[in-house]
Amino acid sequence: MKKVEDYIRTIPDFPEPGIMFRDVTSILQDAEGFRLAIDEMKKLIENVDCDVIAGAESRGFIFGAPLAYALGKPFVLIRKKGKLPCETIEKTYDLEYGTATIEMHKDAVKPGQKVVIVDDLIATGGTIEAAAQLVEELGGEVVKIIFLMELAGLNGREKLAKYDVESVVTYE
Ligand code: PRP
Ligand code: ADE
């Protein structure tokens, strides 16, 4: 039987020399690969007591939304700056290549809500550290963070040391 990692294609030197780019399109364009990825991520959170699933734009939406649907939870968006129409809070952070700013609607998470954060991949951990800080600024509690893929060599987990973090596939 194929495993999730069998569906992930790696592109060397994209988008910059030295980056090994783990490509989600090769999972998504295979119906069994996509289903397997969602099923494996679901296993990581199906027993977690949570009120809300939050996904980080854009690849986090692809995996977060079906998980929220499957688990019967609301899905809230952590978007790149300038996309959300209502009142927002924002955070700027460093990426494996470049910097970015993300935002959440101020009413996306209510004080005291338990939040699971979902993304496709952790590299430096900057995106999801910023995402977790936004959730906390809104009064939410980050009860778990899950990724489909983890690039362990970049030590992103160190930034998320205080959280419960799990990934389906780990690359050393
Ligand atoms: C990628 C990926 C994660 C983040 C991981 O998103 O989907 O969100 O980078 O990197 P980090 O752990 O170093 O923060 P990207 O910002 O490229 O946006 P995209 O999902 O829209 O492609
Ligand atoms: N986002 C940040 N680093 C990445 C990588 N190496 N592969 C795919 N997406 C990424």
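Which residues surround ligand 2?

Author: This is a predicted model, in which local features need pLDDT of at least 70 and side-chain atom pairs count only at pLDDT 80 or more, while totals for chains, interfaces and linings use all residues. Residues are numbered from 1 along each chain as its sequence is written, chains are lettered from A and ligands numbered from 1 in the order in which they are written, and side-chain values use heavy atoms, with hydrogens and water left out.

Around ligand 2 are Ile 19, Met 20, Phe 21, Arg 22, Arg 59, Glu 96, Tyr 97, Leu 121, Ala 123 and Leu 151 (a residue is near a molecule if one of its heavy atoms lies within 4 Å of it). Strand β2, residues 20-23, gives the most to this shell, with 3 residues (strands are DSSP runs of E, at least two residues, numbered from the N terminus). By class, the shell has 7 nonpolar, no polar and 3 charged residues (Ala, Val, Leu, Ile, Met, Phe, Trp, Tyr, Cys and Pro count as nonpolar, Asp, Glu, Lys and Arg as charged, and the others, Gly among them, as polar).

Next, the nitrogen atoms of the ligand. A backbone N or O atom of Met 20 lies 2.9 Å from a nitrogen atom of ligand 2, and a backbone N or O atom of Arg 22 also lies 2.9 Å from a nitrogen atom of ligand 2. From Arg 59 it is an N or O atom in the side chain that is 2.9 Å from a ligand nitrogen. Of the 260 Å² of accessible area that ligand 2 has on its own, the protein covers 92% (areas by the Shrake-Rupley method with a 1.4 Å probe).

Key
A polar contact is a pair of N or O atoms within 3.5 Å; within protein, one must be able to donate a hydrogen and the other to accept it, and residues adjacent in sequence count only if both atoms are side-chain atoms. Helices (H or I, at least four residues) and strands (E, at least two) are DSSP runs, numbered from the N terminus.
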